[in-house]
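I opened my notebook on this structure.

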Amino acid sequence: MVLAGRVWVALMLVAGPAKPASTEALKQKAERLEAEARALVNPEGCSKVEECELAGLGQKACGGPRAFVVYCSRTTDAKALQTKLEALLKAEREWQEAAGIMSNCALTRRPRPQWVEGVCRLR
């Protein structure tokens, strides 16, 4: 019994403490969620700029969105998109914290949507 205990201690010293999910797995999760969020965005189908909506995408390490997406409120499931964007925000925070990622803390300028021939675009 003492030998088994010593073997266990030796294995723990070699293996080190249990590690959380790898930062690469966290990064891949965030990338997958971003792709899924972008797939929900439909910029087409609006008849005027007032129907174009803007949403923050992701999270800079210092806070605030790292980018923006624009979509048509008539043709995009805004609730599903918002749910996906919140999941992305959480995943990016987890990844950045685990990886010790820093950013320049510069604000990402909030663009204005524009409407061009039935398509919402970022200005």
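I call a residue buried under 20% relative accessible area, exposed over 50% and partly exposed in between (1.4 Å probe, protein chains only). This is a predicted model, where local features need pLDDT of at least 70, side-chain atom pairs count only at pLDDT 80 or more, and totals for chains, interfaces and linings use all residues. Residues are numbered from 1 along each chain as its sequence is written, and side-chain values use heavy atoms, without hydrogens and water.

**Lys60.** I looked up Lys60 and found a relative accessible area of 15%, so Lys60 is buried. Lys60 sits in the loop between β1 (52-57) and β2 (67-72). Helices (H or I, at least four residues) and strands (E, at least two) are DSSP runs, numbered from the N terminus. I then checked contacts, meaning heavy atoms within 4.5 Å. Leaving out residues up to four places away in sequence, Lys60 touches Pro65, Arg66, Gln96, Ser103, Asn104, Ala106 and Thr108. Lys60 and Gln96 are 36 residues apart in sequence, yet 8.7 Å apart in space, C-alpha to C-alpha.

**Disulfides.** I counted two disulfides (a disulfide is a pair of cysteine sulfur atoms within 2.5 Å). One joins Cys46 to Cys72, S to S 2.0 Å. Cys46 is in the loop between α2 and β1, and Cys72 is in strand β2, 26 residues apart. Both Cys46 and Cys72 are buried.

The other joins Cys52 and Cys120, with sulfur atoms 2.1 Å apart. Cys52 lies in strand β1 and Cys120 in strand β4 (residues 119-122), so the pair ties together parts 68 residues apart in sequence. Cys52 is buried at 6% relative accessible area, and Cys120 is buried at 3%.
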